[in-house]
Amino acid sequence: MKQHIVTVKKAFRLIYEVDKKYAWLLFVRNVLSAVLPLYVSFCISFFVTELAGERRIGYIGILLLLLMVGAAAGKFMGAVLEWKCSARYMKIQDAFTAKTSKKAMQMEFALTEDTKIQDLYMHAWQANLAAGTMLEKIFSILGYLGQVIGCAGVILGLEPLLIGFLLIFFILFYLLDYRSSVLERKYAEETVPILRAIDYTRQCMKDSVYAKDIRLYYPNSFFANRLLGFQVERIAKERKKEYYCGGLQTLETSLQMIQTIVLYLILSSRFLQGTIQIGYFSLAVSSVAIFSKAVGEISVSWNQILKQEVFLGYLERFWELPEVEDKMKKKFSKVQMTEKRELIELISIEFRHVWFQYPGSAEYVLKDVSVILKGREILTLVGENGSGKTTFVKLLLRLYRPTKGEILLNGISVEQYTSQEYQQIFAPVFQDYQLFAYSLQENLLFDGIYEKEKVREALEEFQLLKKLESLPKKLEQCIGKGYEKDGIELSGGERQKLAIVRAILKNSSCLVLDEPTAALDPIAEVELYQKIYQISDKKTCIFITHRLAGIRFSSQILYFKNGRIVEQGSYQELMKAGKQFQEFYQLQAKLYEEI
Ligand code: ADP
């Protein structure tokens, strides 16, 4: 019980943080909806008693007036409160949804790739209403409890022994509802992975990013069939749940009928025996109906609360997932963390005995990597596919943390920098970089200040300006048709150039380019390297590339093999050393010549 109270308090607190008045409004609404039926029953009872007895016209008139005015006013107030409550409920739901979405964007990057976390995210989405629903159910229970007490007084006036009878039925209802809610919870947990698969498949089917591959590789109904398969799975589970819950529901309804019939039988026999008067009879008839409904609702609401407690747990677990800063806050003093620093100049980056394995994987992808990278140089990471270059960059960008060892920026552990100040240093272009369906200028400077001349200059350097300025909306034109119908479709090379321009425009001290010339023609490729060469006296440039042209431009080469840096040096040094890099390079050069 203590645990329930703690969770309920938590729900109250969460709601209160978003809307201070909601709980009060809900309370008043529920008191009103509990009192109104009782009020009407009492008025009718007095009315029937008067009709069967003295029949005073004035008294009957007042009773009818009270009944009508009271009921109408109650209904009107109820409707207003209902409307106010639902508007606020939506606001609360929006606030919770926003908090969940923000968390999804700010949690540690490594968590975004974990399927358990993805399931938790799905649960959290479904749980955005949990606190609101809990509150509503608590006030419902209070309201219904009031009705039960009021009606029980009337019913017990007939026969005190009925209390035992009512109690037994209440326990039965409760057990049936409890079983039902356990099944529902189990169903919700089992269906989350299926819902995730459905979500993903739907996304593939509607997103234009996948449209080309789908048409050429899956022209038949592969995706539709997958979707159908997942849906069949979900429906099978739903059916199973409905089958059991429906059965329990039918049993409960039958029991409710039995309870009501027994109460009516007792009531009628007392009336026929003349033990009770017509007024009391009328009051008892409506009390039995209100009582039966209220008892059922209390049981349903309580089980709903138990279910929402579990959902609230998901939501909280998701909200509490570590953010990048959390670990650092624990480790370093507050003074250090809150210190505001300017853009940090990259003087050196050191990997000190860094080992890394991906979460859930037993293999080390990086093995005892120790290297010092100097600022304002062109560094190139070379090596076979799967040798660990991209992983090295992900650690460098602090998207992942080393499993063992540490990384230092300018001699200080990277953990001592806030993620914002650390990540501001880097401007990466990933192999799977993303442009968004917003305007060109927003794509270039999402969070930055728009400096028209600087943007124009950078676009001019990459031969993009002429084309983009000739567009009807110039740089305000959107990319792709995902957002606006007149969005511009760019070629692969233009997209890649735009991603590079975005990186160059970012106020950062280190460019990180993963296979940056894959979509560029040879002329554009050489031009890019020349430009990088020109800016390398101002910015550090880190490349991952297999292109021979790129390798020649670099001042330092790191040669990766099986998760280790096996050779390091300038192009001339490594060629002179005549080891693995030279072999790798010459093999490539030879293959090109043969072609
Ligand atoms: P490279 O960039 O040199 O081609 P990567 O760093 O991308 O190599 O990959 C190194 C190894 O790590 C590969 O064996 C790859 O399968 C594995 N790997 C990459 N990303 C993940 C991930 N998110 N989870 C688990 N393993 C991964």
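How far is a nitrogen atom of the ligand from an N or O atom in the side chain of Glu113? The separation is 2.9 Å, which falls under the cut-off for a polar contact (a pair of N or O atoms within 3.5 Å; within protein, one must be able to donate a hydrogen and the other to accept it, and residues adjacent in sequence count only if both atoms are side-chain atoms).

The model is predicted, and local features need pLDDT of at least 70, side-chain atom pairs count only at pLDDT 80 or more, while totals for chains, interfaces and linings use all residues. Residues are numbered from 1 along each chain as its sequence is written, and side-chain values use heavy atoms, with hydrogens and water left out.

**Ligand surroundings**

The ligand is surrounded by Glu113, Tyr358, Val365, Glu384, Asn385, Gly386, Ser387, Gly388, Lys389, Thr390, Thr391 and Lys394, a residue being near a molecule if one of its heavy atoms lies within 4 Å of it. This shell divides into 2 nonpolar, 6 polar and 4 charged residues, where Ala, Val, Leu, Ile, Met, Phe, Trp, Tyr, Cys and Pro count as nonpolar, Asp, Glu, Lys and Arg as charged, and the others, Gly among them, as polar. An oxygen atom of the ligand lies 3.1 Å from a polar backbone atom of Ser387, and a polar side-chain atom of Thr390 is 2.6 Å from an oxygen atom of the ligand. Taken alone, the ligand exposes 570 Å², of which the protein buries 60%; accessible areas come from the Shrake-Rupley method with a 1.4 Å probe, and for residues only the protein chains shown count as cover.

Helix H13 spans residues 389–396, helices being DSSP runs of H or I with at least four residues, numbered from the N terminus. In H13, 7 of the 8 residues are buried, namely Lys389, Thr391, Phe392, Val393, Lys394, Leu395 and Leu396; buried means under 20% relative accessible area, exposed over 50%, and partly exposed in between (1.4 Å probe, protein chains only). Arg398, with a positive phi near 60°, follows H13.

**Nonpolar patch**

Trp24, Phe27, Val28, Val31, Val35, Leu142, Leu145 and Ile149 make a nonpolar surface patch of about 750 Å², given that patches are built from residues with over 30% relative accessible area and no salt bridge, nonpolar side chains (Val, Leu, Ile, Met, Phe, Trp, Tyr) being joined within 5 Å and like charges within 9 Å. Helices H2 (22–52) and H6 (130–156) each supply at least two of the patch residues, and the largest share, 5 residues, comes from H2. Phe27 lies in helix H2 and counts as partly exposed because its relative accessibility is 34%.

**Salt bridges**

The whole structure holds 23 salt bridges, each defined as a side-chain nitrogen of Lys or Arg within 4 Å of a carboxyl oxygen of Asp or Glu. Three of them are listed here.

| Pair | Closest N to O distance |
|---|---|
| Lys91 and Asp19 | 3.9 Å |
| Glu190 and Lys186 | 3.7 Å |

Lys91 is partly exposed at 45% relative accessibility, whereas Asp19 is buried at 4%, and Asp19, Arg88 and Lys91 are linked in a network of salt bridges. Glu190 and Lys186 both lie in helix H7 (residues 162–206), 4 residues apart, about one turn of the helix.
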